[in-house]
Amino acid sequence: MTNKYNSLLKTLKKTEYSLDKSIVNNHCVDWRGNYRGSSEIIFFPKSLTSIQKIVKFCFKKNIPIVPQGGNTGLVGGSVPRFNKGEIIINLCKLNNIREIDIVSNTITVESGCILQNVNDRLEPHNLQMPISLGSKGSCQIGGNIATNAGGLNVIKFGSIRNNILGIEAILPNGEFYDDLKTVKKNNTGFDIKQLLIGSEGTLGIITAATFQIHKKTNDRVVIIICLKSFNHVLNIYQKFISSFGEFITAFELMNEFSMNLAQKLIGSMKLPFTGNYYCLVELTNFIDIENFSNFIYSKFEKLQIDNMQLIVAKSENENKNFWQIREEIPLAEKLLENVIQHDVSLPLNNIENFIFESSKALKKFNPNISIINFGHLGDNNLHFNVCIDDKLNKKNYSNFKKKVNEIIFSFVNKFNGSISAEHGIGQLRKDELKRYKSAEEIKRMKKIKKIFDPKNIMNPGKVI
Amino acid sequence: MKALVCVKRVIDYNVKIRVKTDKSGVETENVKMSMNPFDEIAVEEAVKLKEKGVIDEIIVLSIGAETSQETIRTGLAMGGDRGVLVKTNGQEIDPLNVGKIIKYIFDKESPDMVILGKQAIDDDCNQTGQILSSLLDCHQATFASKVEVNDDKTINVTREVDGGLETIKISIPCVITTDLRLNEPRYASLPNIMKAKQKKIDILDINDLNIDIKRRVETIEVSEPPERKPGVIVNDVDSLIDKLKNEANVI
């Protein structure tokens, strides 16, 4: 069986591939364990030439390729499907930081670098990457780019798309695509790198990128606000945006159910209040204001929010405690059975009606449903997850899930939102993409795919 | 009763400390500062005693630059009644001199108890409370993990000592230094932050106190801990034993 690859393996280093079943299988399943596929071989190329050799070999023999980073995705985009003869190219060994330019604040990194490691290297320069994700300790830059990762700092820096100056990739036919520019302005026709960003590995393998990086400061203050209704949430959001503007580095929303879930996992935080919604706001002192908390306190005075249920962290320790609540929600959720996840985005003005109407429809469909609602409010991004206490057998569960998805996505559509805000499409939302994107858009996406990947060997069965 | 609580503005304990290039001290420019965590526990204890009706007034005292007002404000937001800042001009103040300054305020305000952290996390001296009680010639209870005020105004303090707990009884006026497990400081809530903004902070200049604050200790050098060498992964037990024997020379 391995003979198939022999001519290729001879040209690679022994550490650049593995046929060991347990190693291969580990990389065939996503971290949540929802997608389990199969593969005969996994490659860990250490150089561009090795990647080129592998891709050219596959192109010639029509072998489908699954590019893989830290495998922290949530939509099954980075694992092979079952018995489709797909091979995995994991980029973890292509992990050099090529250049840090502290004059123009850019960094050129290879795609296998782990986000946290890049930030650690930037720290002595008081600089940081423009993105911050819950999975920062294991996710890789290549995967971040391929999925146009969002995360916690989008409100301040924008998503990855807004922070990439140049990209280098190997295209499905093995050709080298070099657009590793480090300039901020570059109006020279079609911006092809933007197609690779968010392509989820379907147009090529990203090997390196140049990022715009930003000043890092440790001085931040985290606030938790407790509110009665979503209307109050929007009101305080507006007030904060107008008063604190550039200082806001996160504005997160949690509903009561998700707050309780997180507190169950980490133990009670003894918050001095309870309510239907909680907001976590992070304010960062980018301009070295001397008494930052006092500065914030005086702004509060002008906001006329005296009776607001709000607490302010007094120290970095409390900052971390507050963040922990928000960060534990996805982990707490993982411990529940039967959770159906949705990562949607909606215009802020429609969120309240969306939550109201879809919750009503869901409760009508099944009164035992609970809704875990949290997300990055500043980016109009809502994680709207549904869980059910009933013990459902596999068949019932799959029907239940289908119906829940239908209900939610029909309301997303009605309120002019997106069915995947930051998680991407992968295998999870492939069918829904067809339903909720116009036929015209799908047609054009397919045409673009064909130009890059005429043989359809690059991550087939994902996205489109 | 009246309580004087002392709070120190220090580099936040979650911040990675960087030593100045000339090794004269640590970098404090653009670094997050917070209240010394042990002092936060001291404030919380005073506020708790006030809620129990034992204490009527809490004065929050800090010694430091103008910016220490922020730290006092935090103490007021937790429930302190008014603040006093003894303003320095950036010079280091030895624990003995800190003790003398607190004594000056003590003589002015005549509180029944002084509550302060057992030590500050920046210089780790663990001296101020002890020196102060000696200057005041009053009872002291250090490393407090439980404070109970009796009806006759004596105070039972449980102290964390090696291998157990010791409960002692002291009378006022007294100095109590707080340990980590005494309580869990509350969060600063908006209504209390707003109230704190209205509370008064008296600012005294250290030069006006006529206290000799000459340093008796000179800092010669501050250096970072030596960098740890990265570990190695050995293939089997035999090579581990070999390395321990021949390279590390520990067996």
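Predicted model: local features only at pLDDT ≥ 70, side-chain atom pairs only at ≥ 80, totals over all residues.
Local features here need pLDDT of at least 70 and side-chain atom pairs count only at pLDDT 80 or more, while totals for chains, interfaces and linings use all residues. Residues are numbered from 1 along each chain as its sequence is written, chains are lettered from A, and side-chain values use heavy atoms, leaving out hydrogens and water.

**Two helices in chain B**

Helices (H or I, at least four residues) and strands (E, at least two) are DSSP runs, numbered from the N terminus. In chain B, the axes of helix 2 (residues 68-78) and helix 5 (residues 190-198) come within 8 Å and cross at roughly 125°. Axes are lines fitted to C-alpha atoms, for helices over the stretch in contact, and angles run from 0 to 180 degrees between N-to-C directions. That angle makes helix 2 of chain B oblique to helix 5 of chain B; under 35 degrees would be roughly parallel, over 145 roughly antiparallel, and 65 to 115 roughly perpendicular, with the rest oblique.

So who's touching whom? Helix 2 of chain B brings Arg73(B), Leu76(B) and Ala77(B), and helix 5 of chain B brings Asn192(B), Ile193(B), Ala196(B) and Lys197(B). Contact means heavy atoms within 4.5 Å.

**A valine tucked away**

Val60(B) sits in strand 4 (residues 57-64) of chain B. Is Val60(B) buried or exposed? Val60(B) is buried, with a relative accessible area of 0% (buried is under 20%, exposed over 50%, partly exposed in between, with a 1.4 Å probe and protein chains only). Not counting residues up to four places away in sequence, Val60(B) touches several residues, including Val5(B), Ile72(B) and Leu76(B). Val7(B) is 53 residues from Val60(B) in sequence, yet 7.0 Å away in space, C-alpha to C-alpha.

**Aromatic pairs**

The whole structure has 16 aromatic pairs over all chains. Rings of Phe, Tyr and Trp (its six-membered ring) pair if their centres lie within 6.5 Å; planes under 30 degrees apart are stacked, over 60 edge-to-face, and the rest tilted. Here are two of the pairs:

| Pair | Centre distance | Plane angle | Type |
|---|---|---|---|
| Phe157(A) and Phe286(A) | 6.4 Å | 80° | edge-to-face |
| Phe240(A) and Phe300(A) | 6.2 Å | 55° | tilted |

Phe240(A) lies in helix 8 (residues 230-244) of chain A and Phe300(A) in helix 10 of chain A, so this pair ties together parts 60 residues apart in sequence. Phe240(A) is buried at 0% relative accessible area, and Phe300(A) also counts as buried at 0%. Ring pairs link Tyr237(A), Phe240(A), Phe244(A), Phe251(A) and Phe300(A) into a cluster.
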